[in-house]
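Here is a short tour of one protein model, written to be read with the structure open beside you.

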Amino acid sequence: CTSLHSVIFPRSLSSINSDAFYRCSNLQNAFFTGNAPAILGRPVFDKCSNSFTIYYRENSKGFTSPTWKGHSTQQIPLGYYFLAVNNGKADRAYYKPETKVVIKAKPESGEQSFDKWIGDVKNLKDVTSPKTILTMPEHNITISATYEWRYSLNYLSLRPLKQLRIRQRYNCDETPITTWID
């Protein structure tokens, strides 16, 4: 699991199974909107990003600071809301409503180009721009940058070409394993 950067847990969360987010190497933020789960398996958040942080509300119960279950924590004041950005980033993880926030998609790779933002995009200035402005709403939101695959073919043939079909097999994190042409 390499494409997950942030996760927001609902107030109703009561347990997280062992290994649920184990080795999610790019997971940087876990936002808890309610109390700490009564049941937490091991190792739920082990081998996540080096900067992994658990965020929880000021009035939540069961969390400790500066760490909880071996992970960095940060308490969020009431009146602020969580912003989870996957495949991109913002300056912080939480904001007051009506705050203007610059959102940036991760850099494009040689094989992929930015396509658009998806998720709770109603308050984004431009969903088709890799760098845009979000007006923070009065609720927690998740947005994700999406990418298109680029293809280039360097092939010359003297025989007539009737049909060219590009096929790919993908990993669970949507990276191609194999590409072939028939």
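V44 has a relative accessible area of 3%, so V44 is buried (buried means under 20% relative accessible area, exposed over 50% and partly exposed in between, with a 1.4 Å probe and protein chains only). This is a predicted model, in which local features need pLDDT of at least 70 and side-chain atom pairs count only at pLDDT 80 or more, while totals for chains, interfaces and linings use all residues. Residues are numbered from 1 along each chain as its sequence is written, and side-chain values use heavy atoms, with hydrogens and water left out.

**V44 and its surroundings**

- V44 sits in the loop between β4 (39–40) and β5; strands (E, at least two residues) and helices (H or I, at least four) are DSSP runs, numbered from the N terminus.
- Although V44 and D19 are 25 residues apart along the chain, their C-alpha atoms are separated by 4.6 Å.
- Setting aside neighbours within four places in sequence, V44 is in contact (heavy atoms within 4.5 Å) with I16, N17, S18, D19, A20, F21 and Y22.

**The cavity**

- Rolling a probe the size of a water molecule over the atoms shows where empty space is left.
- The whole structure holds one cavity of 30 Å³ or more; on a 1 Å grid over the protein atoms alone, a cavity is a set of points where a 1.4 Å probe fits but cannot get out, whereas a pocket is an open set with protein on both sides within 12 Å along at least five of seven lines.
- The volume of the largest cavity is about 40 Å³, where volume is the space filled by probe spheres set on the points, and grid points are joined across faces, edges and corners.
- V44 turns up again here, as one of the lining residues (those with an atom within 4 Å of a point), together with L40, G41, R42, P43, F45, D46, K69 and H71.
- Four nonpolar, two polar and three charged residues make up this lining; Ala, Val, Leu, Ile, Met, Phe, Trp, Tyr, Cys and Pro count as nonpolar, Asp, Glu, Lys and Arg as charged, and the others, Gly among them, as polar.

**The second largest pocket**

- This pocket has a volume of about 210 Å³.
- Its lining has 15 residues, of which Q28, N29, A90, R92 and A93 lie nearest the centre.
- Two or more lining residues come from each of β5 (53–57), β8 (81–86) and β9 (88–89).
- By class, the pocket lining has five nonpolar, seven polar and three charged residues.

**The open sheet**

- Five strands make an open sheet with mixed pairing, in the order β1-β3-β5-β7-β6; two strands pair if DSSP finds at least two bridges between them.
- β1 (6–9) and β6 (67–68) are the edge strands, each pairing on one side only.
- β3 (residues 29–32) runs parallel to β5 and is joined to it by four bridges, and A30 stands opposite I54 in β5.

- N87, in the loop between β8 and β9, counts as buried because its relative accessibility is 13%.
- The N87 side chain reaches the backbone oxygen of A145 at 3.2 Å.
- Not counting residues up to four places away in sequence, N87 touches S3, H5, A105, K106, A145 and Y147.
- T132 belongs to strand β13 (residues 131–135) and counts as buried, at 4% relative accessibility.
- The side chain of T132 reaches the backbone nitrogen of D126 at 3.0 Å.

Conventions
Polar contact = N/O pair within 3.5 Å; in protein donor to acceptor, adjacent residues only side chain to side chain.
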